[in-house]
Protein chains: 2
Amino acid sequence: MAGGAMAINVERLKTVCSSCSLRELCMPVGLSQTDLDKVDGLVQLRRSSKRGDHVFRAGESFHALYAVRAGFFKTTLLTEDGRDQVTGFQMAGELLGMDGIGTGKHACDAVALEDSELCVIPFPKLEEISLELPALQQHMHRVMSREIVRDHGVMMLLGSMRAEERLAAFLVNLSQRYSARGFSANEFILRMTREEIGSYLGLKLETVSRLFSKLQEEGVISVNQKRVTITAVERLRSLVNQRPC
Amino acid sequence: MAGGAMAINVERLKTVCSSCSLRELCMPVGLSQTDLDKVDGLVQLRRSSKRGDHVFRAGESFHALYAVRAGFFKTTLLTEDGRDQVTGFQMAGELLGMDGIGTGKHACDAVALEDSELCVIPFPKLEEISLELPALQQHMHRVMSREIVRDHGVMMLLGSMRAEERLAAFLVNLSQRYSARGFSANEFILRMTREEIGSYLGLKLETVSRLFSKLQEEGVISVNQKRVTITAVERLRSLVNQRPC
DNA sequence: CGCCAACTTGATGGCTGTCAAGTCAGGTGG
DNA sequence: CCACCTGACTTGACAGCCATCAAGTTGGCG
């Protein structure tokens, strides 16, 4: 409890975006060499997080965005009465912290779900450089817009899908994101608990567990603890956007 | 049906942001006169929409953001199987179209719920001017960030609140937004149908109707068709963030 | 080895969806 | 001016999905 912040290992490294393997995910394409040099100065800090570490907490003042270099994170919102809701899961190449820009205070907690690594992007510096790099400004707008669209998708999921559909949509989404990062689309390890999945999907953990069992019985997936294998992608996909009956 | 697009009245006006009554909502504060002059060139088009008119549709290519000058809009997402979900309601001073930035195509439909007026903000021009006006760039970032935070709030609402809580939260939110625009916080006209409220809140229209009746019986609000009067704000607020039992 | 968190599975109940019938308000046409 | 019509809304009866409560299992870790 007390050592939460201390457990975060802060390293100063010459982190070079221009040669980063995640560049296609993080950075705008089509930058000239001189542009890239400017961007390289942006990220001077890398940060390691252990499982359970907070990147930031709701209410803390906002200074930087964080790009996931490796690992897995969740963001959660806490209500006054103690309920909390997972608002997203972030993996390599995705950004944390955009919620803080509007008010100067972070609106949610960000927690590492496994040992992870982040690039720290000081936001004032990012805004400064964006003024000189139209492509970087555009990129920033696009990233935020995509986050808005993603959130609308989750609203649709929570507002109009039934439990099985939600879980199917969640698995399809995870599969696609792993696939885009060069991992298997059909087999992966869940980094989050059933409860966290449930919170994200607006379901209780028992319901999530039951649905995993049901999908397994039906031969659509195979579940062994945190390991999920998708055995019938098409049937899984067809479960999404299925009318109630 | 056929005349949908034609019904939208497009007017070229000398629309001056610097003297607009909504400036505090739309524009960054603290701009110098020369800055304001630049911004004034941005909005050269105003657009009137009649009730039911589309501002844009999902799939259409994205060119501009739209600032609501007067009136009321909804944005909706349509799934392949025909279900649609209201993702937001927008009123004076709020922006439409940010969903299109990321992909260059609009991701949702935007529809006027009453006769309304919009300012058209060509996005390429906005990005261009933002490069010269740090305050405008910052403003853009803040607006998008706030939209993300708002969406997370809706995710929380949909994922962890029960029906009565959702409607209470919705009414409190509407009340605050009307109040911020100089209208009564305690009495207002709903511009949307019960079905649209239900869609936004992840409920069926019958449930919304029943909840209105229930809240009225309890003396918290008074409902007469589309006219809502909040008679006990504190009790309404206390319904939000209430544990199930 | 023992503990604990995470998970699974069963039984039960309640919230909200579904179906249905009826009311109300506003607009249209005779 | 009024009858009619339609979309929006209300209300009731019933059902089903998922939450809740409970008990037991598993795997990981000190």
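Q: In β8(B), which residue is the bridge partner of T75(B)?
A: This is a predicted model, in which local features need pLDDT of at least 70, side-chain atom pairs count only at pLDDT 80 or more, and totals for chains, interfaces and linings use all residues. Residues are numbered from 1 along each chain as its sequence is written, while chains are lettered from A and ligands numbered from 1 in the order in which they are written. Strands β5 (72–78) and β8 (109–112) of chain B pair in the antiparallel sense over four bridges; two strands pair if DSSP finds at least two bridges between them. In β8(B), T75(B) has as its bridge partner A110(B).

Q: Which strands of this sheet in chain B stand at the edges?
A: Helices (H or I, at least four residues) and strands (E, at least two) are DSSP runs, numbered from the N terminus. Four strands make an open antiparallel sheet, ordered β3-β8-β5-β6 in chain B. Two of them have a single partner strand each, so one side of each is left without a neighbour in the sheet. These edge strands of chain B are β3 (54–56) and β6 (84–91).

Q: What angle does the direction of α6(B) make with that of β6(B)?
A: Axes are lines fitted to C-alpha atoms, for helices over the stretch in contact, and angles run from 0 to 180 degrees between N-to-C directions. Neighbouring strands of the sheet are turned by 30° against each other on average, direction ignored. α6(B) packs on this sheet and touches β5 and β6 of chain B. Its direction and that of β6(B) make an angle of about 105°.

Q: Which element gives the largest share of the side of chain A that touches chain B?
A: Two residues are in contact if their C-beta atoms, placed from the backbone, lie within 7 Å. By that rule, 39 residues of chain A meet 39 residues of chain B. β6 (84–91), α3 (123–132) and α4 (134–160) of chain A each give two or more residues to this side. The largest share, 19 residues, belongs to α4(A).

Q: How far apart are the C-alpha centres of domain 1 and domain 2 of chain A?
A: An automatic or database domain assignment supplies the bounds. In chain A, it gives domain 1 (9–133) and domain 2 (161–239). Ten residues of domain 1 of chain A are in contact with seven of domain 2 of chain A. The separation of the two C-alpha centres is 26 Å.

Q: Which element gives the largest share of the surface near DNA strand D?
A: A residue is near a strand or molecule if its C-beta atom, placed from the backbone, lies within 6 Å of it. Around DNA strand D there are 19 residues, with R162(A), T207(A), T193(B), S209(B) and S213(B) the closest. α7 (205–217) of chain A, with α6 (194–201) and α7 (205–217) of chain B, each give two or more residues. The largest share, six residues, comes from α7(B).

Q: Which element gives the largest share of the surface near DNA strand C?
A: Of the 20 residues around DNA strand C, the nearest are T193(A), S209(A), S213(A), R162(B) and T207(B). Six residues, the largest share, come from α7(A).
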